[in-house]
Amino acid sequence: MHEDKLEKLLRDTLQQEVSKERHYLDGLEKEIVAELTGQLPKRGWLQTLTRLFAQMQRSRRRQLAVIGITAVIFLFLGIFVSERVPLVRGLFSVYDKQQKATIATNSDEGQLLFVMPAPGAQTVAVVGSFNNWKPILLTDEDKDGIWLTNLPLPPGRYEYAFVVDGRWWGQDPLADEYVRSFGGYNSVRYVGYTGDKI
Amino acid sequence: MYIGSKEEKSSAYHVQDEASLLRASLDGEIEAWGEIVNRYKEAVFGLCLGFLRNHADAEDINHDTFIRAYENLYRYRVEKRFSTWIFTIASNLCRNRLRYRRHHPIAPLPAQMEGGCNPATTIAQEDRQTQIRQGLSRLPYRYRTPITLRYYNDLSYHQIARILSLPEGTVKTHIYRGKALLRQEIGEMEVINHA
């Protein structure tokens, strides 16, 4: 069969096939519109987010809006989490108390504040080289899980650790350094030194 | 411009160009998308029917293509041809349906179409068209798809290559081989008929 004849035959056949089925296509647009109208509210959050990010690539204004909205969401989420989750709240409290301790120590040299976050603990003590490793109990007066005590100490280098319900806790986040001892760690803080060491 | 009722809106969409219809669709005007469906439904259906050789599947995929295209319209880049983009979606959906059909086979498209008795066409032409239909149904998918896009959708080799994600040379080869196979099939059938 000649090339042109075959091509014409192919065109005619395919077009005829569709034209015979054309009645199936009547009203398809209405069907699609109806389906999409019903479907739109069902769009998942992931799809919405993907759509939003894809649109971002086209418009600078949308890009800035999305970044702004995301930042605000994360800010509120951060505040919410810090209020609700005890561990995070504890960390914030430790930071606050550390600030207070630093201010207090700077104004009243020789006072050393020991702070240990231990929500739910029964007893928290600090042991150290300043009193031959005898336990000194920390208190949690406001029951927020942050245990503390303030010890008057002469200038010097002190090794210490916390004991939380009988368990050794040698790595205080507020320590100036750590040393290894008996297979574990002890914290070290300095009193009466210049610089950032207490 | 304020356009009031739904009817007024859809009649306004009839005269709009494709780009503004797409922009309106992207902004949530589903009626604008309805007009796009109206303009492309036949072309997409023809492609699906040519690819799948099955009415029910072609109708399904035709429908799914417009739904899928609307849901992913934000991915469409205005600088590209819309027809190429929507044909690519239809082509991918057809491929998926064929994979499904490998495990769930159904009867293929009948060679003699119902209601095909057009008095204007001669019996010989009808025979030829039946042979072409049978030949297309037997043709491997890789040859059938570019042939449909070329001879039904009237696309260039370049567009076909983009839709099928193939090099342009491969598209040309597939069309050439597909036609050769068809010619061979028609020849064989003619021999059988004359015997």
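Of the 195 residues of chain B in this predicted model, 36% count as buried, where buried denotes 20 or more other C-beta atoms within 10 Å of a residue's own, exposed 12 or fewer, and partly exposed the range in between, with C-beta atoms placed from the backbone. Residues are numbered from 1 along each chain as its sequence is written, while chains are lettered from A and ligands numbered from 1 in the order in which they are written. As the model is predicted, local features need pLDDT of at least 70 and side-chain atom pairs count only at pLDDT 80 or more, whereas totals for chains, interfaces and linings use all residues.

The predictor assigns the complex an ipTM of 0.76 and a pTM of 0.54. The mean pLDDT (the predictor's confidence in each residue, from 0 to 100) is 77 for chain A, in which 69% of the residues score at least 70. Residues 101-107 of chain A have pLDDT below 50, and this stretch makes eight contacts in the model beyond near neighbours in sequence; two residues are in contact if their C-beta atoms, placed from the backbone, lie within 7 Å. Chain B averages a pLDDT of 82, and 79% of its residues score at least 70. In chain B the pLDDT is below 50 over residues 112-116, a stretch with six contacts beyond near neighbours in sequence. Where pLDDT is low, the predicted coordinates should not be read in detail.

Chain B contains nine helices and zero strands, and its pattern along the sequence is α-α-α-α-α-α-α-α-α. Helices (H or I, at least four residues) and strands (E, at least two) are DSSP runs, numbered from the N terminus. Of the contacts in chain B between residues at least 6 apart in sequence, 61% join residues at least 24 apart.

Two helix pairs of chain B are described here. Axes are lines fitted to C-alpha atoms, for helices over the stretch in contact, and angles run from 0 to 180 degrees between N-to-C directions. The axes of α4(B) and helix α5 (residues 82-103) of chain B come within 9 Å and cross at roughly 130 degrees. The two helices are therefore oblique to each other; angles under 35 degrees count as roughly parallel, over 145 as roughly antiparallel, 65 to 115 as roughly perpendicular and the rest as oblique. The crossing of α4(B) and α5(B) is right-handed, a crossing being left-handed if the near helix is turned anticlockwise from the far one by less than a right angle, and right-handed if clockwise. In this contact, B:D57, B:I61, B:D64, B:T65, B:R68 and B:A69 of α4(B) meet B:I86, B:I89, B:A90, B:L93, B:C94 and B:R97 of α5(B). By class, the contact of α4(B) with α5(B) comprises seven nonpolar, one polar and four charged residues. Ala, Val, Leu, Ile, Met, Phe, Trp, Tyr, Cys and Pro count as nonpolar, Asp, Glu, Lys and Arg as charged, and the others, Gly among them, as polar.

B:A69, in helix α4 of chain B, counts as buried because 25 other C-beta atoms lie within 10 Å. Apart from its neighbours within four places in sequence, B:A69 is in contact with B:I86 and B:I89. B:A69 and B:W85 are 16 residues apart in sequence, with a C-alpha to C-alpha distance of 8.7 Å.

The second pair, α3(B) and α7(B), packs at an angle of about 150 degrees with axes 8 Å apart, so α3(B) is roughly antiparallel to α7(B). Their crossing is right-handed. B:L47, B:G50 and B:F51 in α3(B) meet B:R144, B:T145, B:T148 and B:L149 in α7(B), a set made up of three nonpolar, three polar and one charged.

The contact between the chains takes 35 residues from chain B and 28 residues from chain A. On the chain B side, two or more residues each come from α3 (30-52), α4 (55-71), α6 (123-138), α7 (141-151) and α9 (168-194). α3(B) gives the most, with 12 residues. The side of chain B that touches chain A has 16 nonpolar, 10 polar and nine charged residues.

Most residues other than glycine have a negative phi. A:N132, however, has a positive phi of about 55 degrees; A:N132 lies in the loop between β2 (124-128) and β3 (136-137) of chain A. A:N132 is exposed, with 7 C-beta neighbours inside 10 Å. B:S165 also has a positive phi, near 55 degrees, and is found in the loop between α8 (157-164) and α9 of chain B. With 9 other C-beta atoms within 10 Å, B:S165 is exposed.
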